[in-house]
Amino acid sequence: MPQKIVEPLVILAARIPKPLRRALKVHCAESGIQERHFIIEALEERLAKVTRKAPTKSRGLTQPRGREP
């Protein structure tokens, strides 16, 4: 039986809106999956989608949203 390759994990902290967090929690509970697995898969899918597109112009964001200079 081949050995499973385990990648090192890092901690990611993010502030998200409370309703979005609740929706994540409910979806994962109903689907029987861990939130961590859902988030990893969502990030992989989104990154694959945005890296397939060639950037045409800057989005004009010089600092994170919601932050004051």
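Buried residues, defined as those under 20% relative accessible area with a 1.4 Å probe and protein chains only, make up 3% of the 69 residues in the protein. The structure is a predicted model, in which local features need pLDDT of at least 70 and side-chain atom pairs count only at pLDDT 80 or more, whereas totals for chains, interfaces and linings use all residues. Residues are numbered from 1 along each chain as its sequence is written, and side-chain values use heavy atoms, with hydrogens and water left out. The protein exposes about 7600 Å², of which carbon and sulfur atoms supply 58%; accessible areas come from the Shrake-Rupley method with a 1.4 Å probe, and for residues only the protein chains shown count as cover.

The secondary structure comprises two helices and zero strands. Helices (H or I, at least four residues) and strands (E, at least two) are DSSP runs, numbered from the N terminus. Helix α1 covers residues 18–31, 14 residues in total, and reaches 20 Å from its first C-alpha to its last. This span is close to the expected 20 Å, the expectation being 1.5 Å times one less than the number of residues. Gly32 follows α1 and has a positive phi, near 70 degrees.

A search of the whole structure finds one salt bridge, a term for a side-chain nitrogen of Lys or Arg within 4 Å of a carboxyl oxygen of Asp or Glu. The salt bridge joins Glu35 and Arg21, with the closest N and O atoms 3.2 Å apart. Glu35 lies in helix α2 (residues 35–52) and Arg21 in helix α1, so the pair ties together parts that are 14 residues apart in sequence.

Surface patches were then examined. Patches are made of residues with over 30% relative accessible area and no salt bridge; like charges are joined within 9 Å, and nonpolar side chains (Val, Leu, Ile, Met, Phe, Trp, Tyr) within 5 Å. A nonpolar patch is formed by Leu12, Ile33, Phe38, Ile39, Leu43, Leu47 and Val50, with about 600 Å² of accessible area together. Leu12 is found in the segment before α1 and counts as exposed at 67% relative accessibility.

Glu7, Glu41, Glu44 and Glu45 gather in a negative patch. Among them, Glu41 is placed in helix α2 and is partly exposed, at 46%. Arg46, Lys49, Arg52 and Lys53 form a positive patch; Lys53 is in the segment after α2 and is exposed, at 53%.

Conventions
Buried < 20%, exposed > 50% of the residue type's maximum accessible area, 1.4 Å probe, protein only. Lys, Arg positive; Asp, Glu negative; His and termini not counted. Charge placed at Lys NZ, Arg CZ, Asp CG, Glu CD.
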